[in-house]
Every structure is written in C-alpha cells, then in structure tokens.
Amino acid sequence: MRQFLRRLAVTALLAPVVALGAATMMSSPAQAATATASVSEQALQNEINDLINDERAKGGCSPLKANAQLTEAAREHSGYMAQTGTFSHTGRGGSKFAARVKATGYAQPSAENIAWGYRTAADVVDGWMNSPGHRTNIMNCASKSVGVGVVFADSGAPYYTQDFGF
C-alpha cells in the first residue's frame, strides 16, 4: 500500500479553470529541457493514450485526442521530475499544471495525473484507474484532449505525466 501511495500523487484541488466543478489534479510547470521522446518513451506514451481511451469507452466517454501542446507540457513536467528526482504536481519555481499547460498555448487545461516507477503502460493505467482521483480525471467526459509525457531518469525509472484539456 505504501508503495502504491508513493507512486501516485492524489492531490485533488479545484482550479479556477474548472468552472464546471470537475475534479482537477493540480500540478506544476517544469522548465526542464526535455528532448524529443525516445522510441521507448514514445511507445509508452502512445500505449497509455490507447489504454485510457479503452477505459473511457467502457464508461461511455468519447476518446481523448492527443494534443501536441498538452504532450509538450506533460513531457516537460516528467523531465523535471526525472531530472530532480522529485515526485510532485508542483514544479520548478512552485509552478502549477494549469500555468504550464497555458504556457504551451493550450487555453483550457482540465486536470493532471502523475506517476513514477511503473514499467509498463498497462501497469500505470491500472494504478491510475484504481485511484479515485486519477480515475475521476480519466473518466471526466468533459475533457476532450490529452498529452502524456514519459521521461526516464538516469536511474532508468520512468516518470509519467498525463495532462488533460477541455
């Protein structure tokens, strides 16, 4: 249980950008430079998107469309966590996810999920789906877009960020 909690940050905060009252997982922007995703990082990102859309279909939600701006924000935050060894929705300089997402030009962020250490896409999605706050974000049918960022730390541990947008 401790390891499960350690891997998942469940910080349910309501953000002003969520006028509809949807649950939002707050996080922070990362200024860490992250290069283009490696083949294995890109494969994990794509597989996570597919698995999330499978879960949404089971719940009656439309599929999320991958968005380059949300992916950029997610990769930057994962890169920051991997570089610093931190695991938090708060990024460099105390930044929050909504500001990081808006900095990429995406106007309507809705939520964020993070995780670390899971070795497969199925494992991280299973972890998120078994966490009430993360599941709420994934199953929010009002969200229309997603960006997933996977970055491996020098130790080999993968850091995951999933940013959602309306």
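Mentor: I start at the hairpin of β3 and β4, which has 5 residues between the strands and in which Gly 156 takes a positive phi near 100°. The model is predicted, so local features need pLDDT of at least 70 and side-chain atom pairs count only at pLDDT 80 or more, while totals for chains, interfaces and linings use all residues. Residues are numbered from 1 along each chain as its sequence is written, and side-chain values use heavy atoms, with hydrogens and water left out. Helices (H or I, at least four residues) and strands (E, at least two) are DSSP runs, numbered from the N terminus.

Strand β4 covers residues 158–165. Two strands pair if DSSP finds at least two bridges between them. Strands β3 and β4 run antiparallel and are joined by 8 bridges; in this pairing Val 151 stands opposite Tyr 159 of β4. Strand β2 (residues 109–116) also runs antiparallel to β4, with 7 bridges, and its Ile 114 stands opposite Thr 161.

Because 8 of the 8 residues of β4 are buried, the strand is largely enclosed by the rest of the structure. Buried means under 20% relative accessible area, exposed over 50%, and partly exposed in between (1.4 Å probe, protein chains only). In a regular strand the side chains alternate between the two faces of the sheet. In β4, Pro 158, Tyr 160, Gln 162 and Phe 164 point one way, and Tyr 159, Thr 161, Asp 163 and Gly 165 point the other way.

Tyr 160 and Gln 162 both touch Ile 48 (contact: heavy atoms within 4.5 Å). Ile 48 lies in helix α2, residues 39–58, and counts as buried because its relative accessibility is 0%. Not counting residues up to four places away in sequence, Ile 48 also touches Ala 121, Val 124, Val 125, Trp 128, Val 148 and Val 150. Of these contacts, Val 125 is 77 residues from Ile 48 in sequence, with a C-alpha to C-alpha distance of 6.7 Å.

The structure holds 1 disulfide (a pair of cysteine sulfur atoms within 2.5 Å). Cys 61 and Cys 141 form it, with their sulfur atoms 1.8 Å apart. This pair links distant parts of the chain, 80 residues apart: Cys 61 is in the loop between α2 and β1 (65–66), and Cys 141 is in the loop between α6 (132–138) and β3 (145–152). The link is left-handed, with -70° about the S-S bond. Cys 61 counts as buried at 7% relative accessibility, whereas Cys 141 counts as partly exposed at 33%.
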